[in-house]
Amino acid sequence: MSVRSSKAVRRVDSDILIIGGGMAGCGAAYESRYWGRKLKIVLVEKANVERSGAVAMGLSAINCYMGMRWKENTPDDFVRYARTDLMGLVREDLVFDIARHVDSTVHLFEEWGLPIIYDKETGRYKREGRWQILIHGESYKPIVAEAARKSATEVYNRIMVTHLLRDKNDPNRVAGAAGFSVRDGAFYVFRAKAVIVSAGGATHVYRPRSVGEGAGRTWYSPWSTGSAYGLLIQAGAEMTQMENRLVVTRFKDGYGPVGAWFLALKAVATNAYGEDYERRYTEEQRKLYGDYVDSKPFPTCLRNDSMLREVRAGNSPIYIHTEKVLDTREKEELGWEDFLDMTMSQSIVWAAQNIDPKVTPSELQTSEPYIMGSHATCSGAWASGPSDLSPKDYFWGYNRMTTVRGLFGAGDTIGGSAHKFSSGSFAEGRLAGKAAVSFALDHGDGTPEVDDAEVEALRKAVFTPLQTYEVERNLIVRGTVSPTYIFPGQGVTRLEKLMDEYCGGWGQFYTTNEVLLKRGLELLGMLKEDLARVAAQDLHQLQRAWELSHRVWTAEAVLRHTLHRRETRWPGYYYRADCPKLDDKEWHVFVNSRYDPATGSWTMSTRPVHRLVP
Ligand code: SFD
Ligand code: AMP
């Protein structure tokens with residue numbers, strides 16, 4: 001069947017619909033089956049669950065593990081850590097909830113065959129740092145995916161979900177989702193009693209450091225395309241902390257992570273002249289950011305801030321001294337495996353640039369910003385917490401349910417709860433799965449109705465880029481520059497440039513101000529208009545077109561939130577040059593937003609930060 005003649009519409013009804021089969025989605029499938037033995041659980045994934053999501057390549061550590069069976073840490077300790085690292089602003093109920101459940105998730109992974117490294121002396125898991133344990137994780141994702149595949153009633157791979165559907169009789173209840181098969185072009189309409197969105201974070205919203213032959217390389221996966229935010233925002237879900245974008249310090253050019261090097265191998269970073277710089281700026285930082293600079297450990301954003309100050313002072317490159325720590329065979333293996341398990345490109349950079357890590361230090365650099373809810377950052381949906389922990393204004397009936405009824409989230413999707421990483425995301429998927437089953441059983445009297453007219457309009461809209469290309473390509477004889485349409489790649493480049501220059505990307509040393517942000521919003525409005533003029537040559541590019549759309553919605557939320565918060569809360573992630581200080585008196589609050597699909601307008605608000613753990 002040719003792509004353009006494909007008109008097939010496939011309808012799939014279920015009790016629980018899971019969108020995105022990454023870490024959180026797999027957790028949701030596993031736990032939904034446990035509590036909902038007889039329910040129909042459908043998992044929809046744009047790639048293939050076997051190797052999809054941020055963990056596709058593998059990981060070398062599990063970064064969230066309490067070790068409660070060995071009395072290593074308590075959930076309270078973890079809340080204090082996440083709170084400190086996020087400069088005071090986390091949803092403590094959500095963080096605590098992950099902490100008390102995450103260990104059992106890690107034990108399941110081990111039972112399913114994930115090789116976790118043991119410390120021969122203590123008999124416990126070998127620690128990378130206080131919260132992190134080391135794994136041989138090249139096959140982490142296939143191992144986790146197997147459990148999800150066995151749990152779900154049906155798994156649909158290669159379906160790009162483009163829109164959520166709302167209940168015809170209740171606009172604030174989700175009814176399902178729509179999307180298309182990237183393989184055969186069929187249009188899918190999924191109806192469900194409860195929907196869990198676990199569609200990952202967002203890269204390529206900001207211009208990456210990589211150019212030319214390395215173009216497109218990022219630390220977080222390029223296929224994290226902001227669907228979690230794009231889908232939710234357009235459905236009217238309240239969002240939180242979208243201004244809290246993440247900038248990570250990484251090995252230059254290959255984006256290799258630093259955790260194993262700093263924490264397990266105890267490598268030290270210096271400036272070009274071999275000087276330790278991290279605490280060189282404490283006095284200046286204290287004047288701007290207050291007592292947070294005395295926090296232990298030093299918050300991630302402030303570590304970035306010190307490095308950026310050092311670079312601005314002209315003392316780059318910043319080096320990580322791998323050559324001083326690889327003094328045994330075991331350590332050398334750990335260093336190489338760290339990258340070979342998780343970021344192979346960094347080992348390739350070493351080979352390509354004649355760097356032997358045993359002899360030569362490597363350069364470090366701060367990345368472009370990413371939008372995520374699972375690392376040292378907590379952008380995402382505003383969700384209900386668990387009934388036994390959450391204050392009244394953080395609880396509305398079902399754990400991890402967003403402000404849209406029946407719509408749940410987990411992993412990068414859910415905001416306010418940092419440092420989940422892979423294990424915490426899976427654990428949160430389990431929490432969402434359990435709650436979604438309750439919701440589906442409590443509302444067992446019927447699957448919500450979708451509006452057929454809305455579905456038909458969406459079907460037309462979803463395939464429009466194919467038609468645009470087919471008709472309007474005739475206006476040009478060759479090349480990719482058209483007078484009437486843009487390709488998704490061109491749209492992404494335009495978005496990245498805009499966000500970099502107006503919303504604090506690396507090109508502006510992560511700095512912005514009110515005037516820039518307002519102009520950025522104007523330009524984004526023009527890009528949004530042009531989304532109607534995106535063309536796609538084939539189904540693959542059609543997927544890119546909808547990924548671009550989700551990225552643009554994500555970017556709009558980031559711009560609006562950054563504009564609303566009139567302070568610099570996370571220096572090193574971004575700076576409001578017109579409000580350079582951290583202002584706890586006015587801004588010790590969450591910044592939230594809601595897009596109203598009925599009117600097309602946004603409302604910004606603030607919500608209190610409740611301290612639950614002393
Ligand atoms: O150190 C649609 N992460 C690390 N976590 C750890 O625990 N240890 C580490 O060592 C980690 N490191 C690390 C990590 C990630 C990466 C890329 C590197 C290194 C190089 C972070 C974790 O991976 C991350 O926290 C979790 O994976 C987040 O889970 P989740 O489920 O929120 O996101 P996902 O796994 O990416 O899954 C999303 C899925 O959704 C699919 N999808 N499907 C249908 N329709 C759409 N529209 C969709 N949009 C997306 C995706 O395909 C995917 O399967 S370290 O550097 O930090
Ligand atoms: P990364 O490799 O940077 O993603 O970090 C992995 C884990 O180690 C995360 O939990 C980080 O917060 C933590 N981490 C990385 N570098 C440091 C450091 N220098 N000090 C404290 N924690 C760190």
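**Close-up 1. Residue classes in the shell around ligand 1.** In this predicted model, the shell around ligand 1 is made up of 16 nonpolar, 15 polar and four charged residues, where Ala, Val, Leu, Ile, Met, Phe, Trp, Tyr, Cys and Pro count as nonpolar, Asp, Glu, Lys and Arg as charged, and the others, Gly among them, as polar. Ligand 1 has 35 residues around it, of which Glu45, Ser52, Ala61, Ser374 and Ser422 come nearest; a residue is near a molecule if one of its heavy atoms lies within 4 Å of it. Local features need pLDDT of at least 70 and side-chain atom pairs count only at pLDDT 80 or more, whereas totals for chains, interfaces and linings use all residues. Residues are numbered from 1 along each chain as its sequence is written, chains are lettered from A and ligands numbered from 1 in the order in which they are written, and side-chain values use heavy atoms, with hydrogens and water left out.

Close-up 2. On its own, ligand 1 has 1100 Å² of accessible area, of which the protein covers 97%, by the Shrake-Rupley method with a 1.4 Å probe.

Close-up 3. At least two residues of the shell come from each of helix H1 (23-35), strand S3 (59-62), strand S6 (159-167) and helix H11 (421-442); helices (H or I, at least four residues) and strands (E, at least two) are DSSP runs, numbered from the N terminus. Because domain 1 (8-208 + 221-244 + 371-442) and domain 2 (249-366) both give residues to this shell, ligand 1 lies between them, with domain bounds taken from an automatic or database domain assignment.

**Close-up 4. The surroundings of ligand 2.** Gln132, Arg250, Gly259, Leu263 and His375 come nearest among the 13 residues around ligand 2, and the shell holds six nonpolar, five polar and two charged residues. Polar side-chain atoms of Arg250 and of His375 each lie 2.9 Å from an oxygen atom of ligand 2, and the protein buries 86% of the 470 Å² that ligand 2 exposes when taken alone. Helix H6 (residues 259-264) gives the largest share of the shell, three residues, while domain 1 and domain 2 each supply at least three.

Terms used
A polar contact is a pair of N or O atoms within 3.5 Å; within protein, one must be able to donate a hydrogen and the other to accept it, and residues adjacent in sequence count only if both atoms are side-chain atoms.
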